[in-house]
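Please find below a short note on the model under review. The points follow the display of the sequence and structure.

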Amino acid sequence: MREASAFHPENLNLFIASTVLLLVAPPVYALLNYIVLGRTLYYVPYLSPIHPGRVITTFIGLDVVVGIITGNGGARVANADATPSELSTGRALLRASILLQVLSFFLFVLLEAVFHRRCQKAGILAPKPTPEANKQANKIRSVLYLMYISSAIISSRHIFRVVEVWQGRDGYLETHEWPLYIFDGLFMFVNALMLNIWHPMKYLPNDNKIYLSKDGTTERLGPGWEDSRSFLISLIDPFDLLGLLLGRRKDKFWEREDEHPIVGQEILKPNKEDAIASKL
């Protein structure tokens, strides 16, 4: 898109698309981190600060707001017929969007850190006596480290974008190509390459009903995390602060772990044909 825009400088639509895509690209890369953290919280539900399923909806919701603001700001700045007032408004919108993006991602990293700290305090990541017992701790640790590295790369790109937007159209970063290839292209390539080589999901179960017992070694098949609230309410209040105020109790299924089979030892229920055959 950027190359096509460079060879067709008179095409306003290409220029707008190139500008907007550069600004809204981080949410696409951040989405994988949202998904991975959500799945990790499903795996260790008793240490999750929020409903695991709300990690994606909450932060994607914020990114959608960022995208809308970015699109409006980018269109105003790229319009050659815009008045000085419209250009000023466009720049203000771009600055607001990039700051909101940085704040949103900071809150996400903070959520990672809170979960990591809880794992350490609960002894989930503590060394175990045997390699087999350490297996689950190593999985969680690997996922957390991958997310930290990926978050650091994405945050570095955010910082680059903040400086670029604040410098304006005549700034060094806007008038020189090499920073874009380093702080944007290379950083995102390294992030994508890392997550493809060490894919975080290979350390987590495919079924989000599988959770890790509080002993830190045993995987069990539970009912999954359920939320009786409507989707809209849970989206607005992912931490269930209203529930805490009202004293509403949530189903802590992990406290009844003896009711849940150990993964690999599930008792298979006979299907209808087997049940009929057994009566014959």
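Is Ser155 buried, partly exposed or exposed, judged by its relative accessible area?

1. Ser155 is partly exposed, because its relative accessible area is 26%; the classes are buried under 20%, exposed over 50% and partly exposed in between, with a 1.4 Å probe and protein chains only. Ser155 belongs to helix H5. Its C-alpha atom is separated by 8.3 Å from that of Phe106, which lies 49 residues away along the chain.

2. Basis of the note. This is a predicted model, in which local features need pLDDT of at least 70 and side-chain atom pairs count only at pLDDT 80 or more, whereas totals for chains, interfaces and linings use all residues. Residues are numbered from 1 along each chain as its sequence is written, and side-chain values use heavy atoms, with hydrogens and water left out.

3. Confidence. The protein chain has a mean pLDDT (the predictor's confidence in each residue, from 0 to 100) of 81, and 85% of its residues reach 70 or more. Confidence is highest in strand S1 (residues 210-212), at a mean of 91, and lowest in helix H10 (residues 272-279), at 45. Over residues 268-280 the pLDDT is below 50, and this stretch has zero contacts (heavy atoms within 4.5 Å) beyond near neighbours in sequence. Where pLDDT is low, the predicted coordinates should not be read in detail.

4. Secondary structure. The protein chain holds ten helices and two strands; these are DSSP runs numbered from the N terminus, with helices (H or I) of at least four residues and strands (E) of at least two. Read from the N terminus, the order is α-α-α-α-α-α-α-β-β-α-α-α.

5. Burial and contacts. Of the 280 residues in the protein chain, 39% are buried. Among contacts between residues at least 6 apart in sequence, 71% join residues at least 24 apart. The chain exposes about 15,900 Å², of which carbon and sulfur atoms supply 63%; the areas come from the Shrake-Rupley method with a 1.4 Å probe.

6. Leu93. This residue sits in helix H4 (residues 84-122). Leu93 is partly exposed, because its relative accessible area is 25%. Leaving aside residues up to four places away in sequence, Leu93 touches Ile69, Asn72, Gly73 and Arg76. Val77 is 16 residues from Leu93 in sequence and 9.6 Å from it in space, C-alpha to C-alpha.

7. Gly168. The loop between helix H5 (131-167) and helix H6 (172-175) contains Gly168. Gly168 counts as buried because its relative accessible area is 17%. Arg91 is 77 residues from Gly168 in sequence, yet the C-alpha atoms are 8.0 Å apart.

8. Cavities. The whole structure has three cavities of 30 Å³ or more; a cavity is a set of points, on a 1 Å grid over the protein atoms alone, where a 1.4 Å probe fits but cannot get out, and lining residues have an atom within 4 Å of a point. The largest cavity holds about 50 Å³ of space. Its lining consists of Gly224, Trp225, Glu226, Lys250, Asp251 and Phe253, that is, two nonpolar, one polar and three charged residues.

Key: On a 1 Å grid over the protein atoms alone, a cavity is a set of points where a 1.4 Å probe fits but cannot get out, and a pocket is an open set with protein on both sides within 12 Å along at least five of seven lines; lining residues have an atom within 4 Å of a point. Grid points are joined across faces, edges and corners, and a volume is the space filled by probe spheres set on the points. Ala, Val, Leu, Ile, Met, Phe, Trp, Tyr, Cys and Pro count as nonpolar, Asp, Glu, Lys and Arg as charged, and the others, Gly among them, as polar.
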